[in-house]
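Okay, thanks everyone for coming.

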Amino acid sequence: MSAIEARGLTKIYRTYKKKPGLWGAVRGLFKREYEELRAADDVSFSIEEGECVGFLGPNGAGKTTVLKMLGGLLNPTSGEARVLGHVPWKREDALKRQFSLLMGQKNALWWDLPARESLELNRTIYGIADKEYRDVVENLTALLEVRDKLDVMVRELSLGERMKFELIAALLHAPKVLFLDEPTIGLDVTSQQKVRDFLKHYNRERKIVTMLTSHYMGDIEALCQRVIIIDHGRIFFDGPLSGIIERFASHKILGFTIAETAAPDLAPYGEIMPKVDAQHRIRVARPKVMEICREVMARFPVTDMSVQEPPIEDVIREFFGTAGKPGSVKE
Ligand SMILES: Nc1ncnc2c1ncn2[C@@H]1O[C@H](COP(=O)(O)OP(=O)(O)OP(=O)(O)O)[C@@H](O)[C@H]1O
Ligand SMILES: [Mg+2]
């Protein structure tokens, strides 16, 4: 049995469409018109023990909707899901104790309490034993470097500190499955890195099943080997992170070390990229790589060369920025 399974998971939001003006409102009393939006459309995947999967897609793609269904906050319109063998939206106690859903955009801590008391409340809710609780708080506050913030009111914490406590609260009961919806949103680079390192460490130690959304590719690259990409509610890629480059990158980066004092003019061969370690670099369309290599080497005294893949972040941006509606691709 997989840790997480989704089969044909579909969520249609119906929103009431109000006609403009007074007459629109009056007409609406008699005949309501609804707009339907397929936020998740026939979503299927399985995630195994110990996996950490990045869940990617542009704004409004349906990521949060899927996570909310898997976290039991939302009933699907149709389809099935199992988390550790349980149907999440039945909200059985046995499951509640085994997973956590953290939403970076929402606050789960008690705003007007010191962080410590907010955690205490979570302890009571989950019925965590005293010693276990103290050990976990000790350990996690040290790892995340917020021990000196335990007695600060949650609303007085910085965004980064608050997110760290959100994480601690989410991990208090040692869940086996973790859904993280943008855990690093709005954090500065240093805090982002801290949270990322922490999650990496935690994931390695605990082998906790994690599903993570983030608009920062750095998070995904640091934590996930596998990614699922969703757009308009439909999954169109599910496979290894490296597979994204193979499948979607239209360009490669060529680097040449050229033994010549005068600056070589590589502009006719490709788009000039910033130099790295005295290596001249150009961006070249994939099918032309061999041809361009040959031409450059024939024309300049090249002493070394490299062929590199573009950064995943660029590939994703390029893909969502220029492609039309994605076709259905599955690994
Ligand atoms: N409660 C709701 N009622 C109606 N429509 C909704 C509701 N929640 C979300 N939607 C719509 O469903 C679609 C998917 O939203 P969702 O929040 O799942 O996207 P997302 O991938 O998480 O986006 P983001 O990256 O911006 O967080 C969007 O078009 C959104 O406007
Ligand atoms: Mg979202």
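Predicted model: local features only at pLDDT ≥ 70, side-chain atom pairs only at ≥ 80, totals over all residues.

**Ligand and pockets**

Residues are numbered from 1 along each chain as its sequence is written, chains are lettered from A and ligands numbered from 1 in the order in which they are written, and side-chain values use heavy atoms, with hydrogens and water left out.

Back to that shell. Helices (H or I, at least four residues) and strands (E, at least two) are DSSP runs, numbered from the N terminus. For the classes, Ala, Val, Leu, Ile, Met, Phe, Trp, Tyr, Cys and Pro count as nonpolar, Asp, Glu, Lys and Arg as charged, and the others, Gly among them, as polar.

What about polar contacts, meaning pairs of N or O atoms within 3.5 Å? A polar backbone atom of Gly60 is 2.8 Å from an oxygen atom of ligand 1, and a backbone N or O atom of Ala61 lies 3.1 Å from a ligand oxygen. From the side chain of Glu182, an N or O atom is 3.4 Å from an oxygen of the ligand. Taken alone, ligand 1 exposes 640 Å², and the protein buries 65% of that; those areas come from the Shrake-Rupley method with a 1.4 Å probe.

Where does ligand 1 sit? In the second largest pocket, and "sits" means that more than half of its atoms lie within 2 Å of the pocket's grid points. On a 1 Å grid over the protein atoms alone, a pocket is an open set of points with protein on both sides within 12 Å along at least five of seven lines, a cavity is a set where a 1.4 Å probe fits but cannot get out, and lining residues have an atom within 4 Å of a point.

This second largest pocket holds about 230 Å³ of space. It has 17 lining residues, and Asn59, Gly60, Ala61, Gly62 and Lys63 are the closest to its centre. Strand 2 (33-47) and helix 2 (63-70) each give at least two residues to that lining.

Now the largest pocket, at about 670 Å³. Of its 26 lining residues, Phe99, Ser100, Leu101, Asn122 and Tyr126 are the closest to the centre. Strand 5 makes the largest share of the lining, 5 residues. By class we get 13 nonpolar, 6 polar and 7 charged.

Last stop, the cavity. Helix 7 gives the most to its lining, with 3 residues, and the classes come out as 8 nonpolar, 2 polar and no charged residues.

Notes
Points joined across faces, edges and corners; volume = space filled by probe spheres on them. Polar contact = N/O pair within 3.5 Å; in protein donor to acceptor, adjacent residues only side chain to side chain.
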